[in-house]
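User: Hi! I'm new to reading protein models, could you walk me through this one?
Analyst: Happy to, ask away.

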Amino acid sequence: MEKKKIAFVCVHNSCRSQIAEALGNHLRGNDFECYSCGTETKLQINQDAVRLMKELYGIDMEEKQFSKTYDKIPTPDIAISMADVIIFLTDAKQGITSADTEIALMLRKSKKPVILVCNKADNYGKDAPEIYEFYNLGLGDPFRVSSVNAIGIGDVLDEIYDKLPPKQE
């Protein structure tokens, strides 16, 4: 039986999608396989993020995950076509960028299940008007997440399982 594939897509690939990939691989068990992609790549992951992943989740990204070289990161169009479910990671503090809009267009055209995640929503539980603009991407309800404070991750994981196609035996 082939594992279901989850793609973490974001603008750039230096941090958000790679951290999500590492966390997804850590939480998934044998249910699915994760990979990340972005519109640009950087050869080094933010060292604060690497430290926080180890402190908060016990994931040593220096051993298990590292910044990928260009040839190891699928381009967004390839990643989207391979995926069963796509998690589109955005930055709630930064707001929608032109690159976010371009990726959202590709995702809508793909007709694949998409989960829109707005990271850096550190005021979880309070009204967050900055999240409302993400509805303009046309990808459904955005999930508010604070990866630094480990808030909202369980909700996204639940949504992944809800959107995965049923297992075929």
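User: Let's start with Lys120: what is its relative accessible area?
Analyst: Lys120 has a relative accessible area of 38%, so it is partly exposed. Buried means under 20% relative accessible area, exposed over 50%, and partly exposed in between, with a 1.4 Å probe and protein chains only. Keep in mind that this is a predicted model, where local features need pLDDT of at least 70 and side-chain atom pairs count only at pLDDT 80 or more, while totals for chains, interfaces and linings use all residues. Residues are numbered from 1 along each chain as its sequence is written, and side-chain values use heavy atoms, leaving out hydrogens and water.

User: Which side chain does Lys120 meet in a salt bridge?
Analyst: That of Asp91, at 3.0 Å from N to O. A salt bridge here is a side-chain nitrogen of Lys or Arg within 4 Å of a carboxyl oxygen of Asp or Glu. The pair links distant parts of the chain, 29 residues apart: Lys120 is in the loop between E4 and helix H6 (129-132), and Asp91 is in strand E3. Helices (H or I, at least four residues) and strands (E, at least two) are DSSP runs, numbered from the N terminus.

User: And Asp91, buried or exposed?
Analyst: Asp91 counts as buried, at 7% relative accessibility.

User: Why can such side chains pair up at all?
Analyst: Side chains of opposite charge can pair when their charged atoms come close.

User: How many salt bridges does the structure hold?
Analyst: Two. Besides the Lys120 and Asp91 pair, the side chains of Lys163 and Glu159 meet at 3.6 Å, N to O. Lys163 and Glu159 are four residues apart in helix H7, about one turn of the helix. Lys163 is partly exposed, with a relative accessible area of 30%.

User: New topic: the strands. In what order do they form the sheet?
Analyst: The five strands form an open sheet in the order E2-E1-E3-E4-E5, with parallel pairing. E2 and strand E5 (143-144) stand at the edges with a single partner strand each, so one side of each is left without a neighbour in the sheet. Two strands pair if DSSP finds at least two bridges between them.

User: How many bridges join E3 to E4?
Analyst: Six, and E3 and E4 run parallel. Phe88 stands opposite Leu116 in E4.

User: How many residues of E4 are buried?
Analyst: Six of its six residues, so to speak a mostly covered strand. Both faces are covered: Val114, Leu116 and Cys118 are buried on one side, and Ile115, Val117 and Asn119 on the other.

User: What about the largest nonpolar core, which residues have the most contacts inside it?
Analyst: Ile6, Met53, Ile87 and Ile160, in a core of 25 residues. Several elements supply at least two residues each, including strand E1 (4-10), strand E3 (85-91) and helix H7 (153-163). A nonpolar core is a set of buried Ala, Val, Leu, Ile, Met, Phe, Trp, Tyr and Cys residues joined through side-chain atoms within 4.5 Å. Apart from this core lies another, of 23 residues, among them Ala83, Ile103, Leu107 and Phe134.

User: What does Ile87 contact?
Analyst: Leaving aside neighbours within four places in sequence, Ile87 is in contact with Ile6, Ala7, Phe8, Val9, Ile115, Val117 and Ile160. Contact means heavy atoms within 4.5 Å.

User: One more: where does Gly95 lie?
Analyst: In the loop between E3 and helix H5 (98-110). Gly95 is buried, with a relative accessible area of 3%. Beyond neighbours within four places in sequence, Gly95 is in contact with Asp100, Glu133 and Phe134.

User: And how many helices and strands are there in the protein chain?
Analyst: Seven helices and five strands. Of the 169 residues of the chain, 47% count as buried.
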